Amino acid sequence: MTGAEILALLMIVAFIGLVFSGYPIAWVLGGLAVVFTGFAIIFQVDFAIPTNVDWFYTSMTVDRIWDVMENWVMVALPMFIFMGVLLDRSGIARSLLTGFARLLGPVRGGLAITVTVIGVLLAASTGIIGASVVLLGLLGLPAMLEHGYDKRLASGTVCAVGTLGILIPPSIMLVVMADRMSMSVGDLFLGALFPGVLLGGLYIVYLLVIGWFKPGHAPAVRSEPMTLRAAWDLTLAVVPAALLILAVLGSIFFGLATPTEAAGVGAAGALLLAALKGSLTRKVMAEVVEETSRTSAFIFGAIIGAVCFTLVLRGLGGDELIERALLGLPFGPTGIVVCILIATFILGFFLDWLELTLIILPLIEPVVRTLGFDPVWFTVMFAVCLQTSFLTPPVGGALFYLKGIAPAGVDLPVIYRGVVPFIVIQLVGLAIIFGWEDLATWLPAQAYGFR
Amino acid sequence: MRPWDTDLTGIELPETRFSRVVDQALTVIGRAASWLWVVLLAVIVVNVTLRYVFREGRIELEELQWHLNALAFLIAMAYAYRVDAHIRIDLVSVRLRPRLQVWIELYSTLLLLLPFIAVVLWFSFPFVAHSWSASEISSSPGGLPFRWLLKAVIPVAFALLLLAVASRLTRMWAYLTGGPR
Amino acid sequence: RPPGSAGTPVATISAEGVTERIHWRVPLSAPRSLPGAGETPRWFAEALDHASGGGVRIDLYDPGEIVPAFAVTDAVRDRKVPAGYTWLGYDQGKIPSSALFGATPFGLEPWAYIGWWHFGDGRALAEGIYARHNTKPLLCGISGPETAGWFRTPLNSTEDLAGLKIRFAGLGGKVMQRVGASVTMLPAGEIFQALDTGVIDATEFAQPITDKALGFSRIAKYNYYPGWHQPFSATHFVINLGVWEALPQADQGLIETVCMASVGRSLGLSEFQQAPVVAEFPELGVSASYFPEEVLRVLESAAQEVLDEEAAADADFEAVLDSQRAYKAVYGEWRRLAYLPKDF
Ligand code: NA
Ligand code: NA
């Protein structure tokens with residue numbers, strides 16, 4: 001191991017250590033990049049140990065920040081946040097949830113299942129993880145807590161369901177992956193559809209089981225008997241919100257807008273509905289835009305920090321370090337794939353999808369092709385691993401996003417414990433896809449293969 | 001309680017004369033800039049309508065979308081810092097004594113955040129200057145001019161962030177020394 | 001500058017016992033995995049390594065790994081990296097004339113561009129313009145025409161251009177706007193879905209082998225030619241001027257020679273790769289055809305107007321355009337006489 005690689009390793013260790021100091025990860029990431037640039041220069045100048053990182057190199061941070069600014073696809077992020085906050089503040093989300101919950105009536109776990117169903121629908125309209133978690137967190141979490149749900153179960157459900165957005169197409173993660181794997185985005189979108197829905201289904205099964213065996217954790221929502229009046233109220237509550245989701249999904253599927261623009265269309269729709277409901281006061285609007293600013297800023301802040309961190313980590317040879325560790329494995333083809341997936345799962349504890357997609361995927365792409373595996377099948381499993389990485393402590397995007405907007409009493413330990421069963425479900429889902437390749441490969445073959 | 005109702009997780013920091021002025025200004029700027037999201041929303045709707053209904057694509061409007069997004073989220077960073085909305089993993093730290101927490105925050109700010117801001121600020125000046133001297137415009141057909149103006153938002157946003165940090169530093173110092181409020 | 005900094009890592013000894021004289025980080029503007037555009041820089045790096053016995057090595061970085069695709073020349077200018085391998089057209093926001101070194105609508109054929117670069121004014125013009133940005137460009141790869149785009153519905157006449165929702169980059173995009181199309185600049189990752197759902201009716205992207213890898217042939221069945229907007233696509237190895245001037249002559253010569261070899265090889269590769277892809281189109285249900293002449297004529301006159309306007313706004317652009325046009329005018333007669341007509 002070279003001196004530079006030792007620095008790279010120390011950088012990762014320092015990150016993991018400092019993250020637990022409670023200091024915002026955005027600044028830990030960015031700060032460490034600068035500090036380790038300093039170390040690298042000291043190594044070079046004072047000890048003649050080559051590190052290949054200096055201030056010129058680290059100054060490319062600015063070009064990379066510009067790259068984040070220039071990214072048109074990321075415009076969807078604040079728009080989906082805006083939509084979520086507005087649905088929350090205008091009371092539309094509440095009526096939607098209670099309406100749905102009333103429909104599911106005596107079913108134990110019904111409210112969580114409602115959140116899951118809404119989450120799957122949202123997943124089909126956005127590809128950005130922060131947005132879906134925040135939206136579901138604002139929508140579903142307070143309602144579940146109010147109806148006596150276990151805090152851990154409620155927050156775990158929101159996190160897990162929120163991450164489906166990055167697996168179920170459209171998804172920016174799949175777009176980047178397809179690019180790295182030189183494969184068709186369409187193939188990958190279709191390949192990920194069934195596995196994504198499968199995971200949603202597994203969540204629902206789990207929620208039903210919990211509802212059955214531990215009714216105290218997921219109580220049935222007590223509701224008055226269905227009268228004609230109540231049915232009318234329900235319709236009034238459900239129809240506009242359902243129309244809204246249809247507006248987002250519909251504008252994508254009927255070619256009105258790109259997923260980015262659909263986020264804006266959805267936000268405009270929410271604005272219209274809130275106005276019709278008469279809850280669009282200046283005060284509500286001010287709250288909505290300010291909360292959109294706060295939430296967008298911390299997500300983009302973390303992205304900017306990570307952009308600086310990975311630059312320096314890569315400069316010190318951190319990516320080659322990981323490559324060597326992976327390729328030195330003494331196993332057969334299936335064994336290597338399993339090891340890669342396990343390694344990805346473990347790396348996912350600490351790194352996020354962008355690093356893993358940009359660093360790991362290009363390294364293992366030739367290996368996977370040489371071994372003769374279906375690239376769609378493999379990439380979908382890789383995607384499930386990365387989706388899981390959002391849920392795995394200590395560094396899981398979904399956990400932080402939820403923490404950022406959760407009501408009092410739902411702190412990180414609660415969220416950490418809440419996601420554990422869902423991580424197990426993820427692994428079960430992964431095993432199913434591993435054993436049943438058609439789940440990922442059948443649909444792309446049907447849709448495009450013979451056209 | 002929302003995370004931005006306190007300064008650090010659960011700790012109230014005393015205000016200082018400097019922080020009162022700066023925080024007030026940052027709040028005003030942050031709140032005003034938040035309305036950019038509504039402008040962004042309107043631009044998207046107009047663009048979609050123009051293209052779908054009138055079959056007229058406007059690359060200016062497409063670029064305006066990410067221009068507005070970049071402007072809004074960068075300016076919001078200082079505001080988010082001011083209200084402490086940046087995400088923390090306070091798993092361990094909430095169990096520590098409040099004074100120790102503030103010391104950790106102080107040192108982290110001095111050793112991590114300030115160097116990061118310094119690097120971005122320092123290197124963003126030549127970045128903007130080059131763009132300005134080359135009169136850089138968009139390379140897209142019909143794209144927007146004055147690209148240096150948007151690039152200049154990087155140093156402006158990080159300067160605002162620096163102000164917010166300075167304000168919090170005086171407040172932490174006041175807490176730790178129990179000095180003038 | 002500290003020793004062994006980003007530009008010039010500390011020397012090591014290669015397996016052949018040669019001292020490593022050059023070991024550079026080189027960012028790319030197209031990913032290594034991209035069929036065609038990604039292969040040429042990979043070969044270039046290997047060839048330098050082999051020809052120098054391990055003494056001259058470059059490590060390639062995909063766009064975004066260290067710098068974004070559009071910032072390659074900027075990073076080289078400021079010596080954040082010693083060199084980059086890029087499509088110069090990405091510089092046109094700051095250097096308008098760079099567009100003409102990357103691709104010119106209704107411009108030269110690839111081999112004619114090579115001639116213009118080495119024996120006409122091309123190289124001197126490019127070096128003069130880029131010297132002002134503290135860089136030196138070496139022609140280091142070229143490919144034949146791109147396709148004129150993937151369309152969901154057939155394009156039969158100039159009327160079909162009006163309101164056509166098409167994704168189109170660069171100077172070609174300005175031409176499409178002029179003929180009444182509704183042009184958009186969707187990011188690469190969004191094109192496929194936008195085309196599939198009908199947000200756009202058509203898209204231009206790259207050569208057939210690249211476009212096929214992106215899946216366009218599966219969702220848009222009308223593939224048009226000729227590649228009027230990009231008859232050649234040249235790529236360049238851009239080196240920081242100070243770094244270049246400090247190199248020993250032998251290494252300058254080596255890099256220049258390998259670049260020339262790369263130009264020939266990449267043109268051969270591009271021609272060799274597209275043919276089988278286009279040949280299998282009928283099997284995939286893709287109808288590949290030529291634009292109606294009427295459409296091509298309208299595009300041509302619009303293209304000349306756009307080029308004239310750009311030239312009026314920028315003196316460098318005018319100089320490069322005039323030189324290319326003058327050469328094309330002379331070259332045209334030779335081309336017409338010497339080459340077989342298309343159906344032979
Ligand atoms: Na999605
Ligand atoms: Na994780």
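Visitor: Where is B:Asp23 found?
Guide: B:Asp23 lies in helix α1 (residues 17-34) of chain B; helices here are DSSP runs (H or I, at least four residues), strands likewise (E, at least two), numbered from the N terminus. This is a predicted model, where local features need pLDDT of at least 70, side-chain atom pairs count only at pLDDT 80 or more, and totals for chains, interfaces and linings use all residues. Residues are numbered from 1 along each chain as its sequence is written, chains are lettered from A and ligands numbered from 1 in the order in which they are written, and side-chain values use heavy atoms, without hydrogens and water.

Visitor: Is B:Asp23 buried or exposed?
Guide: B:Asp23 counts as buried, at 6% relative accessibility. Buried means under 20% relative accessible area, exposed over 50%, partly exposed in between (1.4 Å probe, protein chains only).

Visitor: And what does B:Asp23 touch?
Guide: Leaving out residues up to four places away in sequence, B:Asp23 touches B:Arg82, B:Ser167 and B:Arg171. Contact means heavy atoms within 4.5 Å.

Visitor: Switching to chain C: what's the strand order in the open sheet of 3 strands?
Guide: The order is β3-β10-β4, with antiparallel pairing; two strands pair if DSSP finds at least two bridges between them. β3 (83-86) and β4 (135-143) of chain C stand at the edges with a single partner strand each, so one side of each has no neighbour in the sheet.

Visitor: How many bridges join β4(C) to β10 of chain C?
Guide: There are 8, and the two strands run antiparallel. C:Ile142 stands opposite C:Ala234 in β10(C).
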